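Work through the exercises below with the model open. Try each task before reading its solution.

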Amino acid sequence: MEKIKTRTYCMILYPEEDPSHLFALKKLEVNGYSYCAIDHDKDTYDDYDECDKSKIGTLKKKHTHVYLKLKSPRFAEPLAEELGITPNYLQVCRDSKSALLYMIHDGYPNKYQYEVESVYGSIKHELAKLLVSDDEGSRVLQILELIDSMPKPCTYRQLLVAVCNNGFYGDFRRMGSGVKTLLDEHNGLIGVYDF
C-alpha cells in the first residue's frame, strides 16, 4: 500500500460476506462522511478480468463500489482503522470523474449499465453533475423528464430535492415561475392550454 495522504479514496467492499464491510458502510452513512456508493450485483467476468477463462460470462460476487471524499488528506491505514476494515480495501483515487462514472459503468458499453438512481450516499449528486449535458436546452428537457417521472401529486419540495439530486438546480432556478405552471400541469391542476 502506498504511503500517500489523499482526500479521495475508492473502495470495493463485500458487505454480504464480511460484517466489517457492512459496518463500514453504516459508519459512512451515520457519521456524515462525504461519499457515494452503489451495489453491483449484475457484473460478469469478461476477457479483461484476470480469471479462469471458464468463468467468462458468469456472475461475479455481489460487491459495493464506494467513492469517499475527505475534508483533508489522510493516510489509508488510520482511515481503514477508523472504518473498521483492513487497509487493502482502500485505494487512492487518482481520477474522481472516472471513479464516479465507473459506478454505473458509463463509458463501458460491454459491462452491465447500472441506473444512476441506484447510487446512494451524501454526494451522489456529484455523479449526476457529470452526466448533465453542456447544452442548456437539453438540461431543461431533462428537467421536464424528471417532472414527468415524479409521483402524482408532487409537491414543490419533492421536485426541488429531485432537481438538486440530479444537478439541475441552476437551470431550474432560471426557469422561474414557469416551474409552478409545469408542476400544476403535472399534478393535473391545469390543462395544457389553461393559462
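Predicted model: local features only at pLDDT ≥ 70, side-chain atom pairs only at ≥ 80, totals over all residues.

Residues are numbered from 1 along each chain as its sequence is written, and side-chain values use heavy atoms, with hydrogens and water left out.

**Exercise 1.** Find the buried residues of helix 8 and state what they pack against.

Solution. 
- Locate helix 8 at residues 178-186. Helices are DSSP runs (H or I, at least four residues), numbered from the N terminus.
- Pick out the buried residues (under 20% relative accessible area, 1.4 Å probe, protein chains only). These are Val-179, Leu-183, Asp-184 and His-186.
- Check their directions from the helix axis to the C-beta atoms. They cover an arc of only 160°, so they sit on the same side of helix 8.
- List the partners, with contact meaning heavy atoms within 4.5 Å. The buried residues pack against helix 5 (136-149), helix 6 (156-165) and helix 7 (169-174).
- Step past the end: Gly-188 follows helix 8, with a positive phi near 75°.

**Exercise 2.** Describe the lining of the largest pocket.

Solution. 
- Start at the centre. Of the 33 lining residues, Cys-10, Ile-12, His-65, Gln-91 and Tyr-102 lie nearest to it.
- Assign elements. Strand 1 (6-13), strand 3 (63-74), strand 4 (90-92) and helix 3 (96-103) each give two or more residues to this lining. Strands are DSSP runs too (E, at least two residues).
- Sort by class: 17 nonpolar, 8 polar and 8 charged residues.

Definitions and conventions: Buried < 20%, exposed > 50% of the residue type's maximum accessible area, 1.4 Å probe, protein only. 1 Å grid on protein atoms, 1.4 Å probe; cavity = no way out; pocket = protein on both sides within 12 Å on 5 of 7 lines; lining within 4 Å. Nonpolar A, V, L, I, M, F, W, Y, C, P; charged D, E, K, R; others polar.
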